[in-house]
Amino acid sequence: MKKIRNPWQELAQEGYNCFGCAQHNPYGLKMEFYQDGDEVVSHWAPHPNFQSWLHTLHGGIQATLLDEIGMWFVSRKLQTSGVTSNLNIRYRKHVPAGEGVLLEVRARLKSQRRNLVEMEGEIRYNGEICTTAEITYFCVSPQKAREEFYFRGCVLEEEAADLPQE
């Protein structure tokens, strides 16, 4: 597994404050992402503040985790940006929240038709699939990704050292 560099991290002064992945957002999830073959993965520890019922991760937070992993899949694997057009979630098993819990969130490509990308996502705890999702993104052109989404490419940390400085 290789860590993916956050392509928006330098935009914090300009307003980048993503609830899912901005490391400086005090209320956010602070997700980090890795490439694992054809999949994008995040390991995330759910703080008790993200509970719904006792020791249970809120369903809306689960949806956010799956939505975010979909965007990072699009960014890394397809090298563009876009917006969620559909997120269909199935809550299969209890997802715990609290001390000592580490979740694994994954996304993989299901299909791609023109600008629509369909992915499969899942949240696992202790190797068991707890939540699944069908994620559909509408991807924009590389030009629109640069101009409107501030996307300059999504590389692995190990590749970032080789990039020219802007």
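**Group meeting: a walk through the predicted model**

The accessible surface of the protein comes to about 9,300 Å², and 48% of that area belongs to carbon and sulfur atoms; these areas come from the Shrake-Rupley method with a 1.4 Å probe, and for residues only the protein chains shown count as cover. Residues are numbered from 1 along each chain as its sequence is written, and side-chain values use heavy atoms, with hydrogens and water left out.

Let me begin with the overall form. For 166 residues, a compact globule would have a radius of gyration near 15 Å, and the 16 Å of the protein agrees with that; the radius is taken over C-alpha atoms, and the globule rule is 2.2 Å times the number of residues to the power 0.38. Along the principal axes, the C-alpha trace spans about 45 × 35 × 25 Å. Of the 166 residues, 44% count as buried, where buried means under 20% relative accessible area, exposed means over 50%, and partly exposed lies in between, with a 1.4 Å probe and protein chains only.

The secondary structure comes to three helices and seven strands, and from the N terminus on the elements run β-β-β-α-β-β-β-β-α-α. Helices here are DSSP runs of H or I with at least four residues, strands are runs of E with at least two, and both are numbered from the N terminus. If we take contacts between residues at least 6 apart in sequence, 65% of them join residues at least 24 apart, a contact meaning heavy atoms within 4.5 Å.

I turn now to the strands, starting with S42 in strand 3. At 0% relative accessibility, S42 counts as buried, and, leaving aside neighbours within four places in sequence, S42 is in contact with M31, E32, F33, I69, L103, E104 and V105. S111, by contrast, is 69 residues from S42 in sequence and 21 Å from it in space, C-alpha to C-alpha.

Strand 6 holds G121, which counts as buried at 4% relative accessibility. Its C-alpha atom is separated by 5.6 Å from that of T132, eleven residues apart along the chain, and T132 is also among the contacts of G121 beyond four places in sequence, together with L66, R106, A107, T131, A133 and I135.

In strand 4, residues 82-91, we find Y91, and here the relative accessibility is 45%, so Y91 counts as partly exposed. Again setting aside neighbours within four places, Y91 is in contact with G59, Q62, A63, C130 and T131, while the C-alpha atoms of Y91 and E122, 31 residues apart along the chain, are separated by 9.9 Å.

What about the loops? Between strand 3 (39-44) and helix 1 (59-78) lies the loop that holds H55, and T56 lies in that loop as well. H55 counts as exposed at 53% relative accessibility, whereas T56, at 16%, counts as buried. Beyond four places in sequence, T56 is in contact with F50, Q51, H94, V95 and A97, and its C-alpha atom is separated by 28 Å from that of L109, 53 residues apart along the chain.

Most residues other than glycine have a negative phi. The phi of H55, however, is near 55°, a positive value in a residue other than glycine, and N126 likewise has a positive phi, of about 50°, although it is not a glycine. N126 sits in the loop between strand 6 (116-125) and strand 7 (128-139), and at 64% relative accessibility N126 counts as exposed.

Finally, the pockets: how much space lies in the second largest pocket? About 170 Å³ lies there, and of the 15 residues that line this pocket, the closest to its centre are N6, Q9, C21, Q23 and E32. A pocket, on a 1 Å grid over the protein atoms alone, is an open set of points where a 1.4 Å probe fits, with protein on both sides within 12 Å along at least five of seven lines, and lining residues have an atom within 4 Å of a point; the volume is the space filled by probe spheres set on the points. The lining divides into seven nonpolar, four polar and four charged residues, with Ala, Val, Leu, Ile, Met, Phe, Trp, Tyr, Cys and Pro counted as nonpolar, Asp, Glu, Lys and Arg as charged, and the others, Gly among them, as polar.

Key: Predicted model: local features only at pLDDT ≥ 70, side-chain atom pairs only at ≥ 80, totals over all residues.
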